[in-house]
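Please take a moment to look over the sequence and the model shown here. The paragraphs that follow lead through the structure step by step.

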Amino acid sequence: MIYERIKDLIKQDDEITGLMRELDTSIEEAEKVRKSTGLAKECEDCAKGGGGCCGKGMEGYYGIEIILINLLMGVKLDQPEYREDSCYFLGEDGCILMAREVICVNFLCERIYSGIPLRNIILFQEVSGIALQKLFYLEERIKKFLRRTVMTSSRPLLIAS
Ligand code: SF4
Ligand code: SF4
């Protein structure tokens, strides 16, 4: 698998590993705020009631770099029992990803706006915005890394063994 061959090379890159650590901390912070402000509970209740906004095809917004980042963060992408009417990344307990695209992070429905105080929503948007910014830098750095590695590797990385 390409990932196995590229993982060790990526882990040797100090800039990428530094950005990974920063992203991890920012995501953790945003998740804490999502819970403490009541957003997480609202979405859990919504999902339990058969609602949710993780529709079929949403996985199509995810590119190679963010998938790679999630794999490096230890996310297991196998979803043997995924629901065909939902996003591929929707697991039994919600989204299985750690790093999520802007479309997933920023979407807040009417239920959230009417059920959660505005100051809490703003606080969440502030901290999740920091995580999105870190994600953007990391994705750009990985793009550069992949271009350079693929172009200079004596062993073709894009051919799975
Ligand atoms: S954002 Fe809205 S629709 Fe999506 S899971 Fe939360 S409450 Fe449900
Ligand atoms: S939050 Fe996760 S499960 Fe929901 S649409 Fe986004 S990637 Fe899919």
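A residue is called buried if 20 or more other C-beta atoms lie within 10 Å of its own, exposed if 12 or fewer do, and partly exposed in between, with the C-beta atoms placed from the backbone. By this rule Glu 44, which lies in helix α3, counts as partly exposed because it has 13 C-beta neighbours inside 10 Å. The C-alpha atom of Glu 44 is separated by 8.0 Å from that of Gly 94, although the two residues are 50 positions apart along the chain.

This is a predicted model, in which local features need pLDDT of at least 70 and side-chain atom pairs count only at pLDDT 80 or more, while totals for chains, interfaces and linings use all residues. Residues are numbered from 1 along each chain as its sequence is written, and chains are lettered from A and ligands numbered from 1 in the order in which they are written.

The chain as a whole comes first. It has seven helices and two strands, where helices (H or I, at least four residues) and strands (E, at least two) are DSSP runs numbered from the N terminus. Read along the sequence, these elements follow the pattern α-α-α-α-β-β-α-α-α. The C-alpha atoms fill a box of roughly 55 × 35 × 20 Å, taken along the principal axes, and of the 161 residues 18% count as buried. Two residues are said to be in contact if their C-beta atoms, placed from the backbone, lie within 7 Å; among the contacts with a separation of 6 or more, 82% are between residues 24 or more positions apart.

Helix α2 covers residues 14-36, and its 23 residues reach 33 Å from the first C-alpha to the last, close to the 33 Å expected at 1.5 Å a residue; the expected span is 1.5 Å times one less than the number of residues. The buried residues of α2 are Leu 19, Met 20, Leu 23, Ser 26, Ile 27, Ala 30 and Arg 34. Leu 19 counts as buried because 20 C-beta neighbours lie inside 10 Å. Leaving aside its neighbours within four places in sequence, Leu 19 is in contact with Lys 134, Tyr 137, Leu 138 and Arg 141, and its C-alpha is 7.8 Å from that of Tyr 137, a residue 118 positions away in sequence. Just after α2, Gly 38 takes a positive phi of about 90°.

Which residues touch the most other members of the largest nonpolar core? A nonpolar core is a set of buried Ala, Val, Leu, Ile, Met, Phe, Trp, Tyr and Cys residues joined through C-beta atoms within 7 Å, and among the 20 residues of the largest one they are Leu 23, Ala 99, Ala 131, Leu 135 and Leu 138. The elements that give two or more residues to this core are α1 (2-11), α2, α4 (64-72) and α7. Leu 135 touches both Leu 23 and Ala 99, not counting residues up to four places away in sequence. In soluble globular proteins, nonpolar side chains tend to be buried together.

Helix α4 has Leu 68, Ile 69 and Leu 72 as its buried residues. Seen down the axis of α4, these fall within an arc of 100°, so they line one face of the helix; the arc is that of the directions from the helix axis to the C-beta atoms. Just after α4, Gly 74 takes a positive phi of about 95°.

Two ligands complete the picture. A residue is near a molecule if its C-beta atom, placed from the backbone, lies within 6 Å of it. Around ligand 1 the shell includes Glu 42, Cys 43, Cys 46, Cys 53 and Cys 109. Helix α3 (39-48) and helix α6 (110-115) each supply at least two residues of this shell, and the largest share, four residues, comes from α3. If Ala, Val, Leu, Ile, Met, Phe, Trp, Tyr, Cys and Pro count as nonpolar, Asp, Glu, Lys and Arg as charged, and the others, Gly among them, as polar, the shell around ligand 1 has seven nonpolar, two polar and two charged residues. Ligand 2 is surrounded by Cys 54, Met 58, Cys 87, Phe 89, Leu 90, Cys 95, Leu 97, Arg 100 and Cys 104, and by class its shell has eight nonpolar, no polar and one charged residues.
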